[in-house]
Amino acid sequence: MPNKLVTYLLLSILLLIILATVSLFVGVYEFETDVFSILKSFFISSTEVSEADQYILFDLRLPRIVMGILIGSMLSVSGTCMQGMFKNPLATPDLIGITSGATLFAATSIVLGGVLKAFIPESLHFYLLSLMAFLGSLLTMLIVYKIATVNGKTNVVMMLLTGVAITAIGFAFTGFLIYISKEEQLRDLTFWNLGSLAGATWMKNGLLLVVLLISYFFLLGKGKSLNALMLGENDAKHLGVPVEKIKKQIVVFTALMVGTTVAFSGTIGFVGLVIPYILRLIFKSNYQLILPLSAVFGSILLVVADTISRTIVAPSEIPIGILTAMLGAPVFILILIKNKKSIV
């Protein structure tokens with residue numbers, strides 16, 4: 001690992017730790033004792049710390065921050081890998097319909113879960129939502145790739161139009177599911193569409209961590225290969241890069257990460273667009289630096305966004321998907337303006 005990358009990673013991780021610590025202190029609830037004493041009570045029993053303080057910190061605020069770190073990281077890395085594979089800064093899960101596909105399948109499992117469970121083993125019932133979201137994101141990504149790519153080259157207009165079409169289809173079917181849903185299902189569907197980390201638990205974070213570790217094992221070391229892909233697939237093959245294998249890994253593990261994040265937090269868009277764009281302004285298109293750094297800066301973005309979402313209109317909460325869309329849409333327009341000659 002280059003010394004420059006190590007330095008940047010250490011500094012960005014330090015920034016993440018500082019911001020996450022600040023986020024622990026921020027919220028509507030005011031702790032009776034200081035946060036560090038409450039954290040200490042997890043290891044050493046103390047009568048000075050109230051059960052309410054422990055519950056708010058360990059069961060609500062801390063799991064939420066950890067979920068923000070995990071989901072922000074996975075969404076950012078997903079967007080970075082897709083941009084490298086498609087060789088285009090507009091290729092992100094939400095813009096080309098992958099998030100919409102995952103959301104549609106997740107919505108289907110919410111409304112029609114009772115019917116679907118009759119066709120799968122009982123041992124998989126608990127994971128139905130996650131499996132459906134993964135299946136939706138995987139199918140959508142395969143469709144987009146097949147339609148938009150010809151002879152190893154991706155047509156940007158076709159890619160975006162395919163994403164628009166899939167998003168429209170997803171919106172239509174999700175709307176139908178909302179129409180036929182019951183009151184409790186309607187609340188769940190609203191949660192998925194707007195995105196939130198309010199449902200964070202340690203069990204969900206454990207599953208997210210497993211998905212992250214498995215996916216990063218295959219993807220984080222692909223920076224050099226993505227740099228080679230920027231030259232074109234044929235040139236990359238001549239350099240000894242196993243192009244098809246790498247593309248399959250990106251497709252499968254990006255779909256896995258997007259599907260899992262949608263299953264647990266709903267639709268949180270533009271993280272995979274904003275972070276790679278900012279890092280590309282600093283480091284050009286060097287994926288050996290961008291890819292690992294995106295994993296940390298995605299976490300930073302979502303931790304900050306979630307802290308704002310739960311404090312700016314306290315005691316109410318703004319869905320985090322709204323905040324990320326407010327941030328990401330202007331960046332999307334900037335990318336379009338910057339690349340309009342190459343897109344047309």
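This is a predicted model: local features need pLDDT of at least 70, side-chain atom pairs count only at pLDDT 80 or more; totals for chains, interfaces and linings use all residues.
Residues are numbered from 1 along each chain as its sequence is written, and side-chain values use heavy atoms, with hydrogens and water left out. Local features need pLDDT of at least 70 and side-chain atom pairs count only at pLDDT 80 or more, whereas totals for chains, interfaces and linings use all residues.

Helices are DSSP runs (H or I, at least four residues), numbered from the N terminus. Helix 12 covers residues 271–283. Its 13 residues should span 18 Å at 1.5 Å a residue, and the end C-alpha atoms are 18 Å apart, which agrees; the expected span is 1.5 Å times one less than the number of residues. Helix 12 is largely enclosed by the rest of the structure, because 10 of its 13 residues are buried (under 20% relative accessible area with a 1.4 Å probe, protein chains only; exposed is over 50% and partly exposed in between). The buried residues are Val271, Gly272, Leu273, Val274, Ile275, Pro276, Tyr277, Leu279, Arg280 and Phe283. Their cover includes helix 1 (3–25), helix 3 (51–86), helix 13 (287–309) and helix 14 (320–338). Just after helix 12, Lys284 has a positive phi of about 60°.

The packing of helix 3 against helix 12 has an angle of about 65°, with the axes 7 Å apart. Axes are lines fitted to C-alpha atoms, for helices over the stretch in contact, and angles run from 0 to 180 degrees between N-to-C directions. The two helices are therefore roughly perpendicular to each other (65 to 115 degrees; under 35 counts as roughly parallel, over 145 as roughly antiparallel and the rest as oblique). The crossing of helix 3 and helix 12 is right-handed, meaning that the near helix is turned clockwise from the far one by less than a right angle, and left-handed if anticlockwise. In this contact (heavy atoms within 4.5 Å), Gly72, Leu75, Ser76, Gly79, Thr80 and Gln83 of helix 3 meet Val271, Gly272, Leu273, Ile275, Pro276 and Arg280 of helix 12. By class, the contact has 5 nonpolar, 6 polar and 1 charged residues; Ala, Val, Leu, Ile, Met, Phe, Trp, Tyr, Cys and Pro count as nonpolar, Asp, Glu, Lys and Arg as charged, and the others, Gly among them, as polar.

Gly266, which follows helix 11, has a positive phi near 80°. The axes of helix 5 (residues 128–148) and helix 11 come within 7 Å and cross at roughly 140°, which makes helix 5 oblique to helix 11. Their crossing is right-handed. Residues of helix 5 in the contact include Phe134, Leu138 and Tyr145, and those of helix 11 include Lys247, Val251 and Phe264. The contact of helix 5 with helix 11 has 15 nonpolar, 4 polar and 1 charged residues.

Helix 4 (residues 98–116) and helix 7 (residues 183–194) pack at about 165°, their axes 10 Å apart. Helix 4 is thus roughly antiparallel to helix 7. Thr103, Ala107, Ile110 and Val111 of helix 4 make the contact with Gln185, Asp188, Leu189, Trp192 and Asn193 of helix 7. These residues divide into 5 nonpolar, 3 polar and 1 charged.

Pro315 lies in the loop between helix 13 and helix 14 and counts as exposed at 73% relative accessibility. Pro315 and Val26 are 289 residues apart in sequence and 12 Å apart in space, C-alpha to C-alpha.
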